[in-house]
Amino acid sequence: MDVKNKTGQVSEAASSALTLEAILQICSFSTKDADNAEVKLAAESEKNQLLERQGIIVGLRLTERLLYREPFFNGTPTEIARYVGYTVWQVVFGKKVDSIKAIDSMYHLTDQDFRWLQGFPKLKEMDRVQTLVTSDEGGGSKDTDAEEAAGPVTHRDVLFYMVGLIKGATHPLVGQNNLTISGTYTKEGETFFVLDFR
């Protein structure tokens, strides 16, 4: 095989495994064995912020490389949603999102088979797990703090990281627009990310 003809692409499986290992390392720093509920909540919030920040760094670097190839980018909310759903998803997961729906400056990106959650157990007692993160906060919603853990990494941990990645990927493009991003994983195995430009 001629080395000169090889492209600079990385295996999707290897990339996903490395990403999940990075998430696992971040999650292993949290103190889940804390006795005090207040300390446990503070540790969970810190872990979520750390996951999101790490995702932001990866998203920023990804966008730096991708926009270098883009001849022109206007930066409207529709173009940003398409950029995330098509370009970013293609690079990270090797496929486009299954659908993008726009409702009142909110763009719903749906992935029926989110690769980073493959192998995770299906939700049993909950209908969904979500992040409900705003642009400036790192905490999660109150109704999802009781997710059943199947190991050191939960569905929410992966969602927080991906929300951060999307924030990082869109940060250079948003400009003066307000953007809130949240992630949801349903009992049926669907994953939704909402880009809210309101």
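1. **Basis.** This is a predicted model, in which local features need pLDDT of at least 70, side-chain atom pairs count only at pLDDT 80 or more, and totals for chains, interfaces and linings use all residues. Residues are numbered from 1 along each chain as its sequence is written, and side-chain values use heavy atoms, with hydrogens and water left out.

2. **Overall layout.** The chain holds 4 helices and 5 strands. Helices (H or I, at least four residues) and strands (E, at least two) are DSSP runs, numbered from the N terminus. Along the sequence the order is α-α-α-β-β-β-α-β-β. Buried residues account for 41% of the 198 residues. Here buried means under 20% relative accessible area, exposed means over 50%, and partly exposed lies in between (1.4 Å probe, protein chains only).

3. **Contacts along the chain.** Contact means heavy atoms within 4.5 Å. Take the contacts between residues at least 6 apart in sequence: 65% of them join residues at least 24 apart.

4. **Helix 2.** This helix covers residues 37-69, which is 33 residues. From first C-alpha to last it reaches 48 Å, close to the 48 Å expected at 1.5 Å a residue. The expected span is 1.5 Å times one less than the number of residues. Its buried residues are A43, K47, N48, L51, E52, G55, G59, L62, T63 and L66. Note that K47, N48, E52 and T63 are on that list. The cover over the buried residues of helix 2 includes helix 1 (12-28), helix 3 (77-93) and helix 4 (155-174).

5. **Helix 1 against helix 2.** These two pack at an angle of about 150°, with their axes 9 Å apart. Axes are lines fitted to C-alpha atoms, for helices over the stretch in contact, and angles run from 0 to 180 degrees between N-to-C directions. Helix 1 and helix 2 are therefore roughly antiparallel. On the scale used, angles under 35 degrees are roughly parallel, over 145 roughly antiparallel, 65 to 115 roughly perpendicular, and the rest oblique. From helix 1, I23, I26 and C27 meet K47, L50, L51 and Q54 of helix 2. K47 and L51 are also among the buried residues of helix 2.

6. **Helix 4 against helices 1 and 2.** The axes of helix 2 and helix 4 come within 6 Å and cross at roughly 40°. That pair is therefore oblique. The axes of helix 1 and helix 4 come within 11 Å and cross at roughly 110°. Helix 1 is thus roughly perpendicular to helix 4. At this crossing, T19, L20, I23 and C27 in helix 1 meet D157, V158 and Y161 in helix 4. I23 and C27 also take part in the meeting with helix 2.

7. **The core.** A nonpolar core is a set of buried Ala, Val, Leu, Ile, Met, Phe, Trp, Tyr and Cys residues joined through side-chain atoms within 4.5 Å. The largest one has 42 residues, and W89, F114, W116, M162, F193 and L195 touch the most other members. At least two residues each come from helix 1, helix 2, helix 3, strand 2 (106-111), helix 4, strand 4 (180-186) and strand 5 (191-196). Helix 4 gives the most, with 11 residues.

8. **F114 and W116.** Neighbours within four places in sequence are left aside for both residues. F114 is in contact with W89, F93, V158, M162, T191 and F193. W116 sits in the loop between strand 2 and strand 3 (128-130). W116 counts as buried, at 2% relative accessibility. It touches S16, T19, L20, V92, F93, V158, Y161, M162 and L165. W116 and A17 are 99 residues apart in sequence, with 8.5 Å between their C-alpha atoms.

9. **Backbone check.** D104 and S105 deserve a look. D104 has phi near 50°, a positive value in a residue other than glycine. S105 has phi near 60°, again positive in a residue other than glycine. D104 lies in the loop between strand 1 (99-103) and strand 2, and S105 is found in the loop between strand 1 and strand 2. D104 is exposed, with a relative accessible area of 65%. S105 is partly exposed, at 40%.
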